[in-house]
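The following paragraphs lead through a protein fold, from individual contacts to the overall dimensions. Please keep the sequence and the coordinates at hand while reading.

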Amino acid sequence: MRNLARRVLRYDVVLVSFVTVLLLSNITATKLIAIPVGSATLIVDGGAVLFPLSYILGDILAEVYGFARASRAIIMGFVVSVLAALVFLIVQIAPPAPEYAHQEAFAEVLGFVPRIVAASLVGYLAGQFLNAYVLTALKRRWPSHLFTRLLGSTIVGEGVDTVCFCLIAFGGVISAGAMVNYVVVGFLYKVGIEALLLPVTARVIAAFHRHGDAPRRDAVLDGVVEV
């Protein structure tokens, strides 16, 4: 019973961390950041600071607990993101107190921006579900190639996520050249962070397995995969 409680606690910690990173990334993604590199300028959004960690945590959830439990975490993240957007909208349209002089600043930073919200939710759902699905599918095919699974699933998930978010959020707002810069730099940055942290991710997964955390088998997505 005590071991079961500890396994549940570990899952809960990863789940809460996953949702927290997602929420913070969504809030900071409204700002575009220009990074000068010699004569060139690289463009990323503020969400790039933390967002790659959501895929690392997603990999841990899918690899250790399987597709079904990873899906629950993804859905929970979606629900929290929608709730946050609605709360920001309600606070934004509420009449400010006479003494409150920062209404415009609040609306600029945390205001409800339909395109940003839509871009974030579409990219998140598509990217995270593909990441979890590809990882669990590769696990059945190559059970001993952990690094291949982690990197392969990230390339697919982050690729779809980045393209969806950038096009929906800033399509028609920034130039075509800036869009290509934004998509390519964002994708390479996120995948690069995951690649650099692969040894750490692998050690965390190994630690979870040593403590008895493992997926159960079930029928999911047109075949029997570990969930």
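**From local contacts to the whole fold**

Beyond its neighbours within four places in sequence, Val191 is in contact with Leu151, Thr154, Ile155 and Glu158, where contact means heavy atoms within 4.5 Å. Val191 belongs to helix H7, residues 176-196; helices (H or I, at least four residues) and strands (E, at least two) are DSSP runs, numbered from the N terminus. With a relative accessible area of 12%, Val191 is buried. Here buried means under 20% relative accessible area, exposed over 50%, and partly exposed in between, with a 1.4 Å probe and protein chains only. The C-alpha atoms of Val191 and Leu151 are separated by 7.8 Å, although the two residues are 40 residues apart along the chain.

The model is predicted, so local features need pLDDT of at least 70 and side-chain atom pairs count only at pLDDT 80 or more, whereas totals for chains, interfaces and linings use all residues. Residues are numbered from 1 along each chain as its sequence is written, and side-chain values use heavy atoms, with hydrogens and water left out.

The protein contains eight helices and four strands. Read from the N terminus on, its elements follow the order α-β-β-α-α-α-α-α-α-α-β-β. The radius of gyration is 19 Å, close to the 17 Å that the globule rule gives for 227 residues, so the protein is as compact as a globular protein of that length. This radius is taken over C-alpha atoms, and the globule rule is 2.2 Å times the number of residues to the power 0.38. Along its principal axes, the C-alpha trace spans about 55 × 45 × 30 Å. Of the 227 residues, 40% count as buried. Among contacts between residues at least 6 apart in sequence, 74% join residues at least 24 apart.

Neighbours within four places in sequence aside, Ile60 is in contact with Val14, Tyr65, Thr201, Val204, Ile205 and Phe208.

One of the contacts of Ile60 is Phe208, a residue of helix H8. At 12% relative accessibility, Phe208 counts as buried. The C-alpha atoms of Phe208 and Ile60 are 9.0 Å apart, and 148 residues separate the two along the chain.

Side chains of opposite charge can pair when their charged atoms come close. The structure holds two salt bridges, each defined as a side-chain nitrogen of Lys or Arg within 4 Å of a carboxyl oxygen of Asp or Glu. Lys139 forms a salt bridge with Glu63, with the closest N and O atoms 3.7 Å apart. Since Lys139 lies in helix H5 and Glu63 in helix H2, the pair ties together parts that are 76 residues apart in sequence. A salt bridge also joins the side chains of Glu63 and Arg149, at 2.7 Å from N to O. Arg149 lies in helix H6 and Glu63 in helix H2, so this pair ties together parts 86 residues apart in sequence.

At 1.5 Å a residue, its 27 residues (67-93) should span 39 Å, and its end C-alpha atoms are 39 Å apart, which agrees; the expected span is 1.5 Å times one less than the number of residues. Among the buried residues of H3 are Phe67, Ala70, Ile74, Gly77, Ser81 and Ala84.

Strand S1 (residues 32-37) and strand S2 (residues 40-45) pair in the antiparallel sense over six bridges; two strands pair if DSSP finds at least two bridges between them. Ile35 stands opposite Leu42 in S2. S1 and S2 form a hairpin with two residues between them, and Gly38 in the turn has a positive phi of about 65 degrees.
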